[in-house]
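Let's walk through this fold together, going from the overall layout down to a single side chain. Have your viewer ready.

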Amino acid sequence: FNTELNPSITSEEKTLFEAIVPLIQSNPTAAIAQVKAALKPESSAAVDYTLANLYFQQQQVAEAKAAYM
C-alpha cells in the first residue's frame with residue numbers, strides 16, 4: 001500500500017483490506033458486510049471509498065452515494 005499515493009490506513013484497516021480482496025469477486029455481499037462491520041467514525045477515507053465502490057459495483061447506487069458522502 002503506497003501511502004504517498006493513497007490515504008493513510010491503520011494496521012487494522014490493512015488487515016480488513018487483505019481479508020476482503022478475495023471476497024470482492026467471489027462474494028461481494030460478504031465483502032460489503034465486512035467493511036460495514038469494521039466502519040467506525042474514525043475510519044480512514046479509504047474505508048468509506050471502498051464501501052461506496054462495492055455498493056456501486058452491486059448497482060446499489062443510493063447506498064454508494066450515501067457512503068461517498
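This is a predicted model: local features need pLDDT of at least 70, side-chain atom pairs count only at pLDDT 80 or more; totals for chains, interfaces and linings use all residues.

Start with the overall layout. The protein has four helices and zero strands, and its radius of gyration is 11 Å, close to the 11 Å that the globule rule gives for 69 residues, so the protein is as compact as a globular protein of that length. Along the principal axes, the C-alpha trace spans about 30 × 25 × 20 Å. Of the 69 residues, 29% count as buried.

Now zoom in on α3. This helix has 13 residues and reaches 18 Å from its first C-alpha to its last, close to the 18 Å expected at 1.5 Å a residue. Its buried residues are Ala46, Val47, Thr50, Leu51, Ala52, Leu54 and Tyr55. An α-helix has 3.6 residues a turn, so residues three or four places apart point the same way. What covers the buried residues of α3 includes α1 (11-26), α2 and α4 (61-68). After α3 comes Gln59, with a positive phi near 60°.

Finally, step back to the loop between α2 (28-38) and α3 (45-57), where you will find Ser43. Is Ser43 buried or exposed? Ser43 counts as buried because its relative accessible area is 15%, and the cut-off for buried is under 20%. The side chain of Ser43 reaches the backbone nitrogen of Lys40 at 2.8 Å. Leaving aside residues up to four places away in sequence, Ser43 touches Glu13 and Ala38.

How values were computed: Residues are numbered from 1 along each chain as its sequence is written. Side-chain values use heavy atoms; hydrogens and water are left out. Helices (H or I, at least four residues) and strands (E, at least two) are DSSP runs, numbered from the N terminus. Buried means under 20% relative accessible area, exposed over 50%, partly exposed in between (1.4 Å probe, protein chains only). A polar contact is a pair of N or O atoms within 3.5 Å; within protein, one must be able to donate a hydrogen and the other to accept it, and residues adjacent in sequence count only if both atoms are side-chain atoms. Contact means heavy atoms within 4.5 Å. The expected span of a helix is 1.5 Å times one less than its number of residues. The radius of gyration is taken over C-alpha atoms; the globule rule is 2.2 Å times the number of residues to the power 0.38.
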